[in-house]
Amino acid sequence: MADRPVLYPGPDHPITVTPTDGRVVVTVAGKVVADTGAALTLQESTYPAVQYVPLADVDTTLLEPTTTTSYCPYKGDASYYSIPAGGEKSVDAIWEYRQPRDAVAQIKDHIAFYPNRVDSIEITRT
C-alpha cells in the first residue's frame, strides 16, 4: 500500500471543532437515531459544517457497520455505518473517525451523518 499523505489544518485549509449551540436530532424512517445537546460542529475549509454526535447519544441498535472505509489526509481513516430502517437511501449514511488526527481529536467517539441519507438533521438553537 502506498504511503498516504498527512496534512495539517492551516490558513489555506482551516478546520475548527466547536460545541454546537443547541440540540441535534437525527431521524430516519420515523425513528430518532440520535438526540444530543453535546454535538460538535466541525467546519473544514469552505465545506458545509458537519455535526458530530457523541456515540453515547445514538441509538446504536439502529446502525449496522459496513466494510466501507475512506481516508482524509486531515482527519484520518473513516469507518461507515448504514441505517437499515432507511433502506437503500441510508446505506453508508454515517461515518466515524475512530482514531482521528490530533488536530481534530475532539471528534473521537462521535459520528456524523450525510444529510441526504437521513430524513432530517434538526438543530434547535438554545
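Are Y52 and W95 buried or exposed? Both residues are buried, a class defined by a relative accessible area under 20%, with exposed meaning over 50% and partly exposed lying in between (1.4 Å probe, protein chains only). The structure is a predicted model, in which local features need pLDDT of at least 70 and side-chain atom pairs count only at pLDDT 80 or more, whereas totals for chains, interfaces and linings use all residues. Residues are numbered from 1 along each chain as its sequence is written, and side-chain values use heavy atoms, with hydrogens and water left out.

Two aromatic pairs are present in the structure. Rings of Phe, Tyr and Trp (its six-membered ring) are taken to pair if their centres lie within 6.5 Å; planes under 30 degrees apart count as stacked, over 60 as edge-to-face and the rest as tilted. Y52 and W95 form an edge-to-face pair, with 6.2 Å between the centres and 85° between the planes. This pair links distant parts of the chain, since Y52 belongs to strand β5 (residues 50-54) and W95 to strand β8 (residues 94-96), 43 residues apart. Strands, like helices, are DSSP runs numbered from the N terminus (strands: E, at least two residues; helices: H or I, at least four). The pair of W95 and Y114 is tilted, at 4.6 Å centre to centre and 50° between the planes. Because W95 lies in β8 and Y114 in the loop between β9 (110-113) and β10, this pair ties together parts that are 19 residues apart in sequence. W95 has a relative accessible area of 10%, while Y114, at 26%, counts as partly exposed.

A charge is assigned to a ring if NZ of Lys or CZ of Arg is within 6 Å of the ring centre and within 35 degrees of the ring normal. The charged end of R4 sits likewise over the ring of Y71, 4.1 Å from its centre.

An open sheet of three strands has the order β3-β2-β10, with antiparallel pairing; strands pair if DSSP finds at least two bridges between them. β3 and β10 (120-124) stand at the edges with a single partner strand each, so one side of each lacks a neighbour in the sheet. Strand β2 (residues 23-28) and β10 pair over five bridges, and V25 stands opposite E122 in β10.

K31 lies in strand β3 (residues 31-36) and is partly exposed, at 38% relative accessibility.
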